[in-house]
Number of protein chains: 2
Amino acid sequence: MPQRTRPRSAKRALKVRSKKLPRVPKAAVDGYQKGKETRTRILEVALKTFGNEGFKGATTRQIADDAGVNLPALKYYFGGKEGLYLACAHEIAARYGRLMLPVANTAHAALASQMDAASARKHIKLVFAALAEFLLGTSETRLWRLFVQREMANPGPAFEILYSQLWKPGVELSAALISRVLGQQATTQEGRLRALLLISSLAAFDTGSHVAVRVLGWPDLRAERLELVKKAIHDQIDLI
Amino acid sequence: MPQRTRPRSAKRALKVRSKKLPRVPKAAVDGYQKGKETRTRILEVALKTFGNEGFKGATTRQIADDAGVNLPALKYYFGGKEGLYLACAHEIAARYGRLMLPVANTAHAALASQMDAASARKHIKLVFAALAEFLLGTSETRLWRLFVQREMANPGPAFEILYSQLWKPGVELSAALISRVLGQQATTQEGRLRALLLISSLAAFDTGSHVAVRVLGWPDLRAERLELVKKAIHDQIDLI
DNA sequence: GTCTATAGTCGGATAGAC
DNA sequence: GTCTATCCGACTATAGAC
């Protein structure tokens, strides 16, 4: 049986050099640790790939190729496929935290003081504007959303991280503000339920964006989208 | 190199006989076509497996094993993995159609006639009760939802089928009724937007069920869930 | 720290007996 | 129609050179 002497290696060698980034020369980044920069590049690519393909769908080969590194680098920096996946989740949580920090701080300060319903409503709108930026913005957050979406719809190893650092803080903050509008001093179940419904209205254009775009006949016009959706959300906030 | 004489076959043989259904004797179903029954059983298992694992995550071996058939049976009946996946989508669309048919017929008849806002509201509530049954019910629809959810969040080969046979009819019907409540004779974009927001409120407890359950501290009590959500939806319908 | 080469595993598909 | 046996490609992980 002479089958399979070494077909893989031979074949792979043919296509292995169709790289993208021309591999920045080692000397060019002198003074920095090269390692950190490589790690970041891998993480960036992994974020996008896991988001687009899911955990099982993504392959470490693809990620390594797109990041312009070799396969063992993934193990070196992240321990393996799952480690890389978890690192992505932590990265998303950190960036989300940075994005929401100012608004969240202001809102929490307001909650600590006395506040009338009108003021609470104003804070809700600020919080939801920030959430909308995260969920519907055209910026880099677009890359993270698919990742989060997948993990929430189908909890995997990163669910706990994303739930406790993204969803829970976001919903609790909204729920606290909504409860205040309802005239309740502490956060109530009703407040949480309403917060969920409100956030899900936003999510309709994230999770269900393909359906929404088709139904409304939009060619995916981001600006128009955002404005109409924001208006609809504001209407709902005013109706609380 | 004596490596790998035949490790797979040997290993697989060890666990291959951990079946479930004891393979109904061939004579027992005499008179029926055996084939149809086998096909149905495969489809049922595939529905569940694709829903739980996704297209890439699911393996044909697993499906074949769980259905109590051999691997080539999948090719025989469905042409391959993708054919099986598409067959699942068609099956879901057919069952959904059967489920919604009575309500949809009634609503369309009402739309064809003159109808005041109050009457339209009543029909919306009927339509959403049926949708809630599909999206939140404890019955067999539970199996289909994950499948649909995945395909909508991340369009694949079955998106067109599910969009045109599930989402589009559902949203258009709701939008037509909502437009009527708004005093518009024909369906408007505003009606479609509101229909989407309303349906997404429902979907929050489907797509985002894991988050919802955690946030609200529910131990996944179906009955309690359905009632509260239905009430919230009714409130929103009344606010149109 | 970064690479090449390869081991070990698994998945989808199919030929051909019955 | 249903089965067994097997092919072949693709994946993750790792050993070990540099």
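Q: Is A:Ala120 buried or exposed?

A: A residue counts as buried if 20 or more other C-beta atoms lie within 10 Å of its own, as exposed if 12 or fewer do, and as partly exposed in between, with C-beta atoms placed from the backbone. A:Ala120 has 23 other C-beta atoms within 10 Å, and therefore it is buried. Please keep in mind that this is a predicted model, in which local features need pLDDT of at least 70 and side-chain atom pairs count only at pLDDT 80 or more, while totals for chains, interfaces and linings use all residues. Residues are numbered from 1 along each chain as its sequence is written, and chains are lettered from A, and ligands numbered from 1, in the order in which they are written.

Q: Where does A:Ala120 lie, and which residues is A:Ala120 in contact with, leaving aside its neighbours within four places in sequence?

A: A:Ala120 belongs to helix H6 (residues 117-136) of chain A, where helices (H or I, at least four residues) and strands (E, at least two) are DSSP runs numbered from the N terminus. Two residues are in contact if their C-beta atoms, placed from the backbone, lie within 7 Å. Leaving aside neighbours within four places in sequence, the contacts of A:Ala120 are A:Met115, A:Leu177, A:Arg180 and A:Val181.

Q: How many helices and strands are there in chain A?

A: Chain A has 11 helices and 0 strands, and buried residues make up 35% of its 240 residues.

Q: How do I read one side of a helix?

A: An α-helix has 3.6 residues a turn, so residues three or four places apart point the same way. In helix H10 (residues 209-216) of chain B, the buried residues are B:Ser209, B:Val211, B:Ala212 and B:Val215. They are on the same side of H10(B) because they cover an arc of only 160° around the axis, the arc being that of the directions from the helix axis to the C-beta atoms. These buried residues pack against helix H7 (141-153), helix H8 (159-181) and helix H9 (189-203) of chain A.

Q: How many residues of chain A are in contact with chain B?

A: In chain A, 30 residues are in contact with 31 residues of chain B. H9(A) gives the largest share of the side of chain A that touches chain B, namely 8 residues.
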